[in-house]
Amino acid sequence: MTDDTFRSFLEPGQWVRHPDHPEWGIGQVQSAVAHRVTVNFEHVGKIALDARVVTLTIV
(Lines give C-alpha, C1' and ligand atoms only; values in the text may rest on other atoms or scores of the structure.)
Protein backbone atom coordinates (compact mmCIF):
# COMPACT_ATOMS: atom_id res chain seq x y z
CA MET A 1 0.00 0.00 0.00
CA THR A 2 1.11 3.52 -0.65
CA ASP A 3 0.41 6.59 1.42
CA ASP A 4 -2.11 7.66 -1.21
CA THR A 5 -4.31 4.56 -0.90
CA PHE A 6 -4.32 3.94 2.86
CA ARG A 7 -6.80 5.89 4.98
CA SER A 8 -7.14 5.36 8.70
CA PHE A 9 -10.67 5.07 10.08
CA LEU A 10 -9.60 7.21 13.06
CA GLU A 11 -10.51 10.87 13.37
CA PRO A 12 -9.20 13.64 15.65
CA GLY A 13 -11.01 13.71 18.98
CA GLN A 14 -11.65 9.97 19.21
CA TRP A 15 -10.56 8.15 22.37
CA VAL A 16 -8.46 5.01 21.90
CA ARG A 17 -6.29 2.40 23.61
CA HIS A 18 -3.15 0.74 22.27
CA PRO A 19 -3.74 -3.04 22.37
CA ASP A 20 -0.08 -3.84 23.15
CA HIS A 21 0.43 -1.06 25.72
CA PRO A 22 -2.51 -0.83 28.15
CA GLU A 23 -0.15 0.89 30.61
CA TRP A 24 -0.20 3.95 28.33
CA GLY A 25 -3.83 4.53 29.34
CA ILE A 26 -6.52 6.10 27.20
CA GLY A 27 -5.41 8.40 24.41
CA GLN A 28 -7.07 11.03 22.29
CA VAL A 29 -6.38 11.07 18.55
CA GLN A 30 -4.74 14.38 17.64
CA SER A 31 -4.37 13.79 13.91
CA ALA A 32 -4.86 11.04 11.33
CA VAL A 33 -3.35 11.59 7.89
CA ALA A 34 -3.05 8.57 5.61
CA HIS A 35 -1.36 5.89 7.77
CA ARG A 36 0.12 8.34 10.30
CA VAL A 37 -1.86 8.71 13.51
CA THR A 38 -0.79 10.91 16.42
CA VAL A 39 -2.31 10.10 19.80
CA ASN A 40 -1.89 11.89 23.14
CA PHE A 41 -1.91 9.10 25.76
CA GLU A 42 -2.56 9.92 29.42
CA HIS A 43 0.59 8.23 30.81
CA VAL A 44 3.18 8.66 28.02
CA GLY A 45 2.12 11.76 26.14
CA LYS A 46 2.09 12.23 22.39
CA ILE A 47 2.98 9.20 20.27
CA ALA A 48 3.08 8.94 16.46
CA LEU A 49 1.88 5.56 15.19
CA ASP A 50 1.61 3.76 11.86
CA ALA A 51 -2.01 2.62 11.48
CA ARG A 52 -0.89 -0.03 8.98
CA VAL A 53 1.01 -1.74 11.81
CA VAL A 54 -1.12 -1.22 14.92
CA THR A 55 -4.90 -1.27 15.24
CA LEU A 56 -5.98 1.03 18.03
CA THR A 57 -9.13 0.16 19.96
CA ILE A 58 -11.78 2.85 20.12
CA VAL A 59 -13.15 3.39 23.63
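Two strands are taken to pair if DSSP finds at least two bridges between them, and strands (E, at least two residues), like helices (H or I, at least four residues), are DSSP runs numbered from the N terminus. The structure is a predicted model, in which local features need pLDDT of at least 70 and side-chain atom pairs count only at pLDDT 80 or more, whereas totals for chains, interfaces and linings use all residues. Residues are numbered from 1 along each chain as its sequence is written, and side-chain values use heavy atoms, with hydrogens and water left out.

Strand 3 pairs in the antiparallel sense with strand 4 (residues 45–50) over 6 bridges, and within this pairing V37 stands opposite L49 of strand 4. The two strands are joined by a hairpin that runs through 3 residues. Strand 3 also pairs with strand 2, again in the antiparallel sense and over 6 bridges, with S31 placed opposite T38 of strand 3.

The hairpin of strand 2 and strand 3 has 2 residues between the strands, and there A34 takes a positive phi near 55°, although A34 is not a glycine. A34 lies in the loop between strand 2 (27–33) and strand 3 (36–41) and counts as partly exposed because its relative accessibility is 23%, where buried means under 20% relative accessible area, exposed over 50%, and partly exposed in between (1.4 Å probe, protein chains only).
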